Amino acid sequence: ETGNRALVAVSNEAEAQTLANDLSSMGSRALVYPLRDFTFRDVQGQSHEYEHKRLSVLSKMLRGEFSVVIACIDAASQYTIPPEFLKKATLNFRSGGNLSMEAAVQALIRIGYERCEQVEGAGQLSVRGGILDVFPPQAEHPYRVEFWDDEVDSIATFDVGSQRRLEQVEALRCLPRMEALPHLAPGGTKGLAKAVRGLLSTRKK
């Protein structure tokens, strides 16, 4: 009734989802901010699903697209990308806008996207001639961006299986693929490496 937004802390994720469902059924834009699992070894095909959901919620919070955000204590207490860095790491495309294919690909790789032969999942990109396929973490479908010289000619969603176009759009927002982006650390990747070496020098184990 007041129009104010709220953050609700709950004891676990099951409670968060139940409350979100209840609030949504009453017309509120309720978002669940999930807990991120940590994997401390190199695992092929490691899932970033919960990380993508967290980034999507954080982006909606920045743009005011919510009534209530619900998080368990564990999720709320985890470090994440600062708001000013999230803004900086979000890449925007607009039909008719000035942007070269090379600059777009390099920008996407810097925010964690993986280059592959064909886009099949979130956080991937592929290039064929003047066509860039990219699957933003927050999107339901991947996008096909066509370039003409250094200009975005057209943007459309497409189906992963059939590769057929679905819907023409005027703009596309690509959130980063991951919360931890080394080049955004103070001093960039070199500054991060120096900080890590400094920490290691104080540890015996």
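**Close-up views of a predicted model**

View 1. Leaving aside residues up to four places away in sequence, L108 touches L91, F93, Y113, L125, L132, V134 and C174, where contact means heavy atoms within 4.5 Å. This is a predicted model, so to speak of local features we need pLDDT of at least 70, side-chain atom pairs count only at pLDDT 80 or more, and totals for chains, interfaces and linings use all residues. Residues are numbered from 1 along each chain as its sequence is written, and side-chain values use heavy atoms, with hydrogens and water left out. The largest nonpolar core has 44 residues, and F93, L108 and L132 touch the most other members. Such a core is a set of buried Ala, Val, Leu, Ile, Met, Phe, Trp, Tyr and Cys residues joined through side-chain atoms within 4.5 Å; buried means under 20% relative accessible area, exposed over 50%, and partly exposed in between (1.4 Å probe, protein chains only). Strand β3 (residues 68–72) gives the most to this core, with five residues. Helices (H or I, at least four residues) and strands (E, at least two) are DSSP runs, numbered from the N terminus.

View 2. V134 has Y143 as its bridge partner in β8.

**View 3. Strand β11 and its partner β4.** Four bridges pair β11 with strand β4 (residues 91–94) in the antiparallel sense. Opposite A171 in β11 you will find R94.

**View 4. K87 on helix α4.** K87 belongs to helix α4 (residues 83–89). With a relative accessible area of 57%, K87 is exposed. S59 is 28 residues apart from K87 in sequence, and their C-alpha atoms are 8.2 Å apart in space.

**View 5. L192 on helix α6.** Helix α6 (residues 188–201) holds L192. L192 is partly exposed, at a relative accessible area of 34%.

Terms used:
Pairing = 2+ DSSP bridges.
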